[in-house]
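Hi,

Here is the structure I promised to send over. Have a look at it first, and then read my notes on the aromatic side chains below.

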Amino acid sequence: MTTWPTGMQGLGWGADYNPEQWPEHVWAEDVELMRRAGVNLVSVGIFSWAKIEVSKGDYRFDWLDRVIDLLHAGGIRVDLATATASPPPWLTAQYPEMLPVRADGVRLSHGSRQAYCPSSPIYRERATALAGELASHYRDHPALAAWHVGNEYGCHVSRCYCDTCAESFREWLAARYTLDQVNDAWSTAFWSQGYTDWSQILPPRATPTFSNPGQVLDYDRFSDEALLEQYKAERDVLRMITPDVPITTNFMATWTMEALDYWKWAREVDFVSNDHYTEAQSPDRHIELAMSADLTRGLAGGKPWLLMEHSTSAVNWQQRNIAKLPGEMRRNSFQHIARGADGTLFFQWRQSRGGGERYHSAMVPHAGTDTKVYREVCQVGAEYATLSDVVGSTVDASVAVLFDWQSGWALRQDSHPTTDFHYRKHVFGYYKALWQAGVTVDFVAPGTNLSAYSMVVVPAFYTVSDAHAAVIADYVAGGGHVVVTYLSGVADEHTRVRLGGYPGAFRDVLGVWSEEFYPLRQGETVSLTDGSTASLWTEHLHVRSAEVVVSYADGPLPGVPAVTHNAFGNGVAWYVACDLDESGLGRTVESALSGAGVAVPPERIEHREIELVRRKGDVSWLFAVNHTDTDAEIEASGVDVLSGTKVSGRLTVRAGDVVVLREEV
């Protein structure tokens, strides 16, 4: 089985292509403009179910045949979708019971997309039938490079609470627990919730007050797996008919999506693909992009991956949809390539005239080709064509960040010490400190063997099994360095609090214990003895074997340790028991890096917004992205592939520019 779209030459460059939105005379023009822009890969048919299957079992492929033939004649490879992301009106009208139900009992209506229950047998039957027809019809088409199953699973309907889901949830539980074990895992002795029969168990629908935490977390797990099973059902049909065509679905490992545990999903695709959109108003949007790209590379196990969607300019769904500045789309594209992508695609090729995403930017804007966007599209397409030797190279990292979607699910529940904590934002704070230090990181799943890393950051690893806690303890005992943050180790995998003092599972490794959490009031800050401040979170920490690095200077806990480090076995474990400000967090991370023997590149001292990442294959490629409006000089030697210029010792990266340097060994 191949693990990359077949027949690809060089880096992938293209978009979602939705020709069904346009009259047929536009299609030939589209292909010519694609060729001019260097496009070599497009996703086709993602939202075309209603046009392919016009009524139950009545399939119409003639229009799609003409589209794919045109693309093939233009030398463009096709990532063909199963078209199941948006059920057609005839299907939901005939089977309204397949529509999803909210926690408050409201059944959602047709009229947008993803209008299906993840557990619906009707949806699965019709989706797999469509996938089978597509595979049988296009199995031998020479343009077929890959299969694209569904689209952005869980983006709009990640949890359904209908009776079908209730029955499926009970079956899911019964395969994992006895009824007594459910009562124990969910602590149902509290509030008289003890179950005496499986039929009594329901999804965590709207209740008078807080839902049961263990029940909610297990329903998150069930819902994640229900969507994954839907994906696998279509994938398995495709694999049976076209065993040599690789299969993927587009993840959303990004700030906009937290509903799925992509560590599980990544094991079920032939190659990882991801969608990413920047948060237009954030001054740190380029750093969040880097985090998403590194996380996606982690999901891919370090192998090359595909950016299935990003935007040429503004999107349509944020509160303020701000256009990208000149050069920003180019920098975004090269950031993804620098961090392991072997191709970047957009949503979409031609900007829609109507529909819900008519103001979402595209490779060809409403205004046509005489535009900043299309000119930049053509520029990047031409530049990608010079980088075919980069394909297949990988990114090395000596520092890892542990990322756990399930801890994020548990921490977003009600009835925690504060409602102001946000898991991904917390992780991003540590990622930003590492990015500003010029350190490239890998993201790893709970339970990963950590021996290859000099240092591991463990942010808010809240729901921790004994086995996963032991992996971290063994890593430190063997000589590793960790930075563990507050809200780690507090609960077991069922969200039951570990007794004996926080941080529970990590007390011995860290050499500390906390007797009580002291979250801060909205807008409140406290001072620390090193001059930094903390907000949102503090806790009443005691040291056992750890050394105090920083303490609180004021606030509710003056003199109490805030940051510690502890020798454990042959390694060192840091504990950050508060929400440090950016400067304090940066100093702490750089101190931990120094202790772990991870050098901060000297150019980071002067140029903290110059992004430098290396990909390595037969040679080394240095990607330099200048996110500032000022030229910068760094030490480097080699050939600037994009300009052909020889660089000896000093490389100038112009303001807002990108350089790809084939380094001299």
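Let me start with a group of rings: Phe251, Tyr262, Trp263, Phe403, Trp405, Tyr423, Tyr431 and Phe443 come together as one aromatic cluster. Keep in mind that this is a predicted model.

Counting pairs over the structure gives 34 aromatic pairs. One of them is Trp13 with Tyr384, an edge-to-face pair with 4.9 Å from centre to centre and 65° between the planes. Trp13 belongs to strand β1 (residues 12–17) and Tyr384 to helix α12 (residues 372–384), so this contact ties together parts that lie 371 residues apart in sequence. As for solvent, Trp13 and Tyr384 are both buried.

Tyr486 and Trp537 make another pair, this time stacked: the centres are 5.3 Å apart, with 10° between the planes. Here, too, distant parts of the chain are linked, at 51 residues apart. Tyr486 is in the loop between β15 (481–485) and α16 (507–510), while Trp537 is in the loop between β18 (533–535) and β19 (539–543). Both Tyr486 and Trp537 are buried.

Then there are the arginines. Which ring does the charged end of Arg159 sit over? That would be Trp409, with the charged end 5.4 Å from the ring centre. Arg350 does something along these lines with Trp22: its charged end sits over the ring, 5.6 Å from the centre.

That's what I have for now.

Cheers

Technical notes: Residues numbered from 1 in each chain as written. Predicted model: local features only at pLDDT ≥ 70, side-chain atom pairs only at ≥ 80, totals over all residues. Heavy atoms only, no water. Phe/Tyr/Trp six-rings, centres within 6.5 Å; stacked < 30°, edge-to-face > 60°. Helix = DSSP H or I, 4+ residues; strand = E, 2+ residues; numbered from the N terminus. Buried < 20%, exposed > 50% of the residue type's maximum accessible area, 1.4 Å probe, protein only. Lys NZ or Arg CZ within 6 Å of the ring centre and 35° of its normal.
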